[in-house]
Amino acid sequence: MRLGVQRQGVLDILKGRVLCTMFYEPSTRTSASFDAAMQRLGGRTVVISPSHSSTQKGESLQDTIRTLGCYGDAIVLRHPDESSAATAAKFSSVPIINGGNGSLEHPTQAFLDLFTIREELGTVTGLTITFTGDLRHGRTVHSLVQLLQHYNVHIQLVAPASLALPADIRRQLVDSNQLLTESNRLTDDIVAHSDVLYCTRVQKERFQDPREYELVKDALVVDNSVLKHAKPHMVVMHPLPRNREVSEEVDFDQRAAYFRQRYFRWDDEQ
């Protein structure tokens with residue numbers, strides 16, 4: 001399929017099909033990648049903006065989903081409510097694709113991340129994967145950790161105490177004997193043992209108290225001084241957008257894979 005798109009630009013696999021997308025939270029990569037993938041495969045998209053929809057008139061999520069199901073063959077939904085994906089699936093007459101539900105999950109990003117790791121390193125089995133940053137609110141981390149339950153990997157967690165991985169997800173790692181290290185500092189030893197360094201943004205929009213955000217926003221920063229301790233073929237990943245947790249100087253390091261992740265994203269959405 002990838003080769004077909006590279007050669008022809010647009011295929012006709014989904015000709016005649018319509019994908020509806022509705023994002024109640026900001027999105028660049030997820031929304032654009034689904035749009036691009038659908039169009040690359042010959043389908044069409046209907047993009048609904050909540051700010052210009054009947055949501056502004058008080059329409060419930062379930063009624064919106066019922067309506068969109070009349071116009072499309074599938075719906076991509078992003079919503080701040082953690083129960084939104086389950087609600088949408090309950091009331092929809094067409095398949096629901098979860099583009100992120102609050103701080104809970106981002107399953108399509110997890111499949112993309114897994115695909116990226118395999119493309120970059122050739123395998124997932126036997127790797128040591130280090131998650132850094134906002135592990136509490138990072139829905140991409142939550143989904144990828146659960147997906148990695150199916151692989152023989154070791155996982156290292158690096159985050160301030162207030163941004164630690166939720167207890168139920170951490171328990172899964174303990175039960176599967178995958179949890180190797182926990183720390184509030186990205187030490188030289190942790191970096192040296194990492195095959196994948198998965199960085200995440202501290203999510204300001206999830207904080208009730210702005211002062212708490214200010215205390216942790218720059219707690220973990222990856223720059224060239226950090227990478228000098230890393231393996232030559234280690235991979236730096238980030239679901240993006242980023243703030244200052246990955247310095248722009250890292251962009252020029254061959255191990256920086258976060259923009260290649262973006263290329264893989266629309267490829268994976270197909």
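User: Leaving aside neighbours within four places in sequence, which residues is Leu148 in contact with?

Analyst: In soluble globular proteins, nonpolar side chains tend to be buried together. Here, Leu148 is in contact (heavy atoms within 4.5 Å) with Leu114, Val124, Ile129, Phe131, Val153, Ile155 and Gln178. This is a predicted model, where local features need pLDDT of at least 70 and side-chain atom pairs count only at pLDDT 80 or more, while totals for chains, interfaces and linings use all residues. Residues are numbered from 1 along each chain as its sequence is written, and side-chain values use heavy atoms, with hydrogens and water left out.

User: Which residues touch the most other members of the largest nonpolar core?

Analyst: A nonpolar core is a set of buried (under 20% relative accessible area, 1.4 Å probe, protein chains only) Ala, Val, Leu, Ile, Met, Phe, Trp, Tyr and Cys residues joined through side-chain atoms within 4.5 Å. The largest one has 30 residues, and Ile129, Phe131 and Leu148 touch the most other members.

User: And how do I read two packed helices?

Analyst: They are described by the angle between their axes and the distance between the axes. Helices here are DSSP runs (H or I, at least four residues), numbered from the N terminus. Axes are lines fitted to C-alpha atoms over the stretch in contact, with angles from 0 to 180 degrees between N-to-C directions. Helix α3 (residues 61-68) and helix α4 (residues 84-91) have axes that come within 9 Å and cross at roughly 50°.

User: Which residues meet there?

Analyst: From α3, Leu61, Gln62, Ile65 and Arg66 meet Ser84, Thr87, Ala88 and Phe91 of α4.

Conventions:
Helix = DSSP H or I, 4+ residues; strand = E, 2+ residues; numbered from the N terminus. Buried < 20%, exposed > 50% of the residue type's maximum accessible area, 1.4 Å probe, protein only.
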